[in-house]
Amino acid sequence: MRDLAPDVVIIGSGPAGVSAAWPLVEAGLKVLMLDQGRGPDVPRRIDGPLSHILWQQDDSQWRELLGEAMTGLGGARHTTPKMKVPQFGYVQRGFEEAYGLSADGVRLTGSLALGGLSNMWGAGSFCYVGADFTDYPVAAEALGPSYRAVAERVGISGVHDDDLAAFLGEVPLQPPLPLHENAASLLARYGSRRTAIESFGLTLGRTRNAVLTIDRPDRSACALDKMCLWGCRQNAIYSATYDVTALCRKPNFVLRRGAFVEHIVPLAQGGYTLHFRDVDQPGTECVTLAAARVMLAAGAIGSAILAIDALGLHGKAQPILLHPAMAFAFVLPSRVGAPEEERGFALGQLAYRIDFGGAPHDYAFGVVFSAEGLLASDLTQYIPLSRPAAAATARALLPALLVANCYVPSDCAEGTITCWRDSEGRHTAVRGRLLPTFDKRFAQVRRSLSRGFARLGAYLLPGSAKRAELGSDGHYVGAIPMNVEPRVLSSTVDGEVRGLPHVFAVDGASLPRLTGKHPTLTIMANADRIARGLVERLSA
Amino acid sequence: MVVGRGLVDEHEREAEALLTYVLGCQPSSVLKNRYRQALVVQGEGVVLNLHAFALWCPALLRLIEPRGEPRTASQVSLARRLNIAMALVETSTEGVDRMRRPANSTRLAIVGRVFVALALDLVSLPILVLCRSLGR
């Protein structure tokens, strides 16, 4: 394979890249994946549950939790706690510099690491169903087989029989993870007070996580060590790197690490020349490679830049979609000062939906987490007391806290991406802002959650309702949307970029709209669908 | 401007004051060194201009520490250093008992400490307001 021209070149090794690769590889096509492929800087030093790491009287624990370079001390407040964990420091490193990015009103999130942002994924895995496909040129049925294939490969734990099951989609599931006591208490009360809760537009159920509960040959089931935020020791939480490793065992798949693709140049006779920089050999000239078909899976920002470049759309602002988000903290008074659970799963516990009463796709969706995987010192920054008082309060509150994120549809914000070149090289500006409708939605969500959860015994912590900075979750999509009505930068229903035949946008860039649901599983399923479509075309 | 050995001594005093304040007892030299190392890697070279009383009795920091969002540049600096001190304390051997729940702490003791800490904050509030007014 190494000596032969690849049938398809995939740019990017994240969830979309590997999801597109599998159908192609299984169909016998020769696939070359180009990726900068940055890996972790340091191996983990300590094994065992978080409580052991914090309590084992080991002076090296600070290296594990804050990092040798103490990156975990970062003063900036992060929406996703994983973003400041030293273990994941490598994931976003170099992203902004590589693309010459600047931001206005958004936080830039992206990755040049092998496996992309999936290395620090929150693992929430939800299908789009029914009305979620409003504005999509594909129907739910078209994505069904792809959702199932991806869910099977990734390994998703959850349940099929609660109030949210149909809303979260029909996919193969592994048995659910055990619930934290706080979440279990909420869910138990919800069972008996459902009617009252539904009057607030609120529906509650268990969340679904891309986390194994059954061992696989290359990954183990969750060991409930509460280290989810700090780097799973068992590889139970999905990362696209596991798929890359598995793909590399296939004879017709090659991964070229250290390759940062700078340009895709269309050739007059058809096909493309890819210019990529070998980042392992700085100072050397760009390497060129001929490609008949290209799949863009470099993330919505990276893929948009490559497409804008190839189409010569420099200097023109192109729309990009952002996912407006908010966060809330709830306290269960009955659990204040209670013993922390020795073992458990420290990511998503429950999921909820809040209907706004309008169109069926107009809803907020969020996941409820336990707070026991967090450090108390992170919490003290949010408590308006002196540090000693905040520390005592945080210690008492941690076992009683539930933290909820919440997303509303992408039409509550607007964003653009603009690329241009000058003598200094390439520049890209990403701009975004929340629209006035977001404030209305924020107030609605806060009202529904505070009233609904109060009925379940969890009370909104005063001052804890926060608007998240746009982009801080990494949910950038829609730069090359699949549109029935063509626009300048868009793709067909088959994912083919208009104006660039045989170039396919397979990552989040191709989604035309976001509902409140986290889009990762849909991005993966859509990549799988586009790749299957290409296989069909080629075999025909 | 403090340089060389003098700067090291100033950082030492600052480390001792802030760590004692959040830890509630004298910090070890290992923890103080770690604090100084953290200032270096975080690019926090300038010594905090702490009042002599706060250096002498770190508990008095309760009277000048900003509550909630810091507003002035000096408050921002103090809040940032306190965040560093808090994180170092929590991830240190000696701070584990203070910030996380040790096996032998009762629930009553934990909740009791919250009330004591809140009471101290309440008592210090008028002095905090007075200090702010005099500061203006």
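Predicted model: local features only at pLDDT ≥ 70, side-chain atom pairs only at ≥ 80, totals over all residues.

I started with a salt bridge, which I took as a side-chain nitrogen of Lys or Arg within 4 Å of a carboxyl oxygen of Asp or Glu. A:Asp135 forms one with A:Arg513, and the closest N and O atoms are 3.5 Å apart. This pair links distant parts of the chain, 378 residues apart. A:Asp135 is in the loop between β3 (101-104) and α6 (140-154) of chain A, and A:Arg513 is in the loop between β19 (503-505) and α15 (520-539) of chain A. Helices (H or I, at least four residues) and strands (E, at least two) are DSSP runs, numbered from the N terminus.

Residues are numbered from 1 along each chain as its sequence is written, chains are lettered from A in the order in which they are written, and side-chain values use heavy atoms, with hydrogens and water left out.

Next, the interface. I find 40 residues of chain B in contact (heavy atoms within 4.5 Å) with 43 residues of chain A. The buried area is about 3700 Å², with 56% of it from carbon and sulfur atoms; this is the accessible area (1.4 Å probe) that the two parts lose on being put together, summed over both.

How many salt bridges are there between chain B and chain A? The count is one: B:Glu65 and A:Arg387 meet through their side chains at 2.7 Å, N to O. On the chain B side, α1 (4-23), α2 (29-41), α4, α5 (93-99) and α6 (107-135) each supply at least two residues that touch chain A. That side divides into 19 nonpolar, eight polar and 13 charged residues. Here Ala, Val, Leu, Ile, Met, Phe, Trp, Tyr, Cys and Pro count as nonpolar, Asp, Glu, Lys and Arg as charged, and the others, Gly among them, as polar.

Last, the cavities. On a 1 Å grid over the protein atoms alone, a cavity is a set of points where a 1.4 Å probe fits but cannot get out, and lining residues have an atom within 4 Å of a point. I count three cavities of 30 Å³ or more.

Key: 1 Å grid on protein atoms, 1.4 Å probe; cavity = no way out; pocket = protein on both sides within 12 Å on 5 of 7 lines; lining within 4 Å. Points joined across faces, edges and corners; volume = space filled by probe spheres on them.
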